[in-house]
Amino acid sequence: MSEQTPPARQRIALLPLDDRPVNVLLPGDVARVAGMTLDVPPADILPSYRTAGDADALGAWLRERAADPATVHILVSIDMLLYGGLIASRTSADTTRTVLARLDTLREIHRMRPELPISAVSLVTRASNSNSATEEPLYWNDHGMQLHALGGDAHRLLGEAEVLPLDELTPVPADVVSDYSTRRLRNHIVNLETLELVEDRTLDFLAITADDTAPFAAGSAEQVWLRHWMRMLPTGRQVLMYPGADEVGAVLVARAMATNAQVTASFAVVCADPEGPTRIPPYENMPLSASASRQIRAAGAVEVTEDADVTLVLHAPDPDRHDMFRGRPDAVDEDAVRATVDLVRARVDAGERVALADVRYPNGSDEALGRALAAAGLLEKLDAYGGWNTAGNTLGSVVALAAAGVVGRANGTYDAKAARIALLTRLLDDFAYQAVVRVDSGPSLFPDRFPMSDAGLVAEAERALHAELTTFLESMLPADGARITELTLPWRRSFEIGITLER
């Protein structure tokens, strides 16, 4: 009798938003928690900071993965597929006709394997409220804040009978406004087209997420128009639209694993501050409670009030709206810290699996909370943790990791080692690095907030951060023998780091 070749291990293919660790490594961590294999494209066709990825090669890679019977779910960042990444979606000169043609890749995959689920995320383009072209067209250096204000003013004029002359709205030169607006128009047409992909059943799930927005902004106005068509189309109610961006790949991985295993995780959402869930966090345009609910649904999970698989504890947004990118807050709200610690302790003592979303500040966690949880011995008892960048980024990553644990346990594939590594990675990044080490050492390691051109300075910063975070891990976190094997600055700036841990 001839030996039979064992079946290939099932895997998920992900076309990420860009090449940064939160878009590539974090989704991989989520997959490993539930014992799943995740495929991402090779680095040579992915973008590298402002250099766009190879859109044609990325589409070909996706078709190849779809043709492999071991692939059980396709996850797609529309921005990567059409433009070659997040920054390229803002800076690319590709025409609307060109980028829409690239959507045919998804239609081809659907015709080839109609049973293969395809989930996608498409972003509402941001308008950063800063005069920095780090991730924007170069004219953002001179007109960024003015263009952000223009979007807010135009949003407030929705429904007005008359159109005001452009020079009454903004001092920005007309040619700049034209370039900026036509890029937004192209990207908005793409978002409308993705709704049609849901309606014709090419996509099984679609999230339209808003990257760095505000209650009144160009992107928020576009969401009004998108919401109209979501109401009109019979499948439109299945589409989720909410604040987020870099975390969505991880969320889609959790959703794909839940779908494949036919497991639905349940979350109970609690907050020590009764008013906290009603606040709209910085850089977002909806209350925290609504954002959390959509993140849970996007991960293929449900929100319940009792008997939940996971208790999601929210450390409420700061009423004063401090941003950790400016450094430590002038004062610490000890009562808020104590209340969240007490809530975590009570839920852990009750035998619940607790995931903590620290959304107190954007761009880093609440250092006082992290130290208080460590002193109480509660960090190592968390099921998942997050506290990075926007509230949406934090919520999505925490929900994805916790949901993956539920799926893995139900499916008999849970990897406790991978779960511990994922928890430590987020504690090192969001708490140790962003809230402590970057604040203390950032001014000396990074001459300014822009990417460093000197490779020697980058290497020096990486060595210094590796040493500081290793000390932090050994002295303060529940390392359990884990060690940092690699630390990188993928975009040569202080904003994000890549951490690889082994145990």
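## Second largest pocket

The second largest pocket has a volume of about 610 Å³. A pocket here is an open set of points on a 1 Å grid over the protein atoms alone, with protein on both sides within 12 Å along at least five of seven lines. Its volume is the space filled by probe spheres set on the points, with a 1.4 Å probe. This is a predicted model: local features need pLDDT of at least 70, side-chain atom pairs count only at pLDDT 80 or more, and totals for chains, interfaces and linings use all residues. Residues are numbered from 1 along each chain as its sequence is written, and side-chain values use heavy atoms, without hydrogens or water.

## Pocket lining

The second largest pocket is lined by 23 residues (an atom within 4 Å of a point). Leu 150, Ala 154, His 155, Ser 181 and Trp 225 lie nearest its centre. Helices H7 (140–156), H8 (166–169), H9 (174–199) and H10 (218–232) each supply at least two lining residues. H9 gives the most, with 5 residues. Helices are DSSP runs of H or I, at least four residues; strands are runs of E, at least two.

## Sheet and packed helices

Five strands form an open sheet, ordered E8-E7-E9-E10-E11, with parallel pairing (at least two DSSP bridges between two strands). Strands E8 (302–303) and E11 (384–386) are the edges. E9 (310–315) and E10 (354–358) pair over 5 bridges. Leu 312 has Ala 355 in E10 as its bridge partner.

Helix H13 (334–349) packs on the sheet, touching E7 (266–271), E9 and E10 (heavy atoms within 4.5 Å). Its direction makes about 175° with that of E9. Angles run from 0 to 180 degrees between N-to-C directions, with axes fitted to C-alpha atoms, for helices over the stretch in contact. Helix H15 (391–411) lies across E7, E9, E10 and E11, at about 170° to E10.
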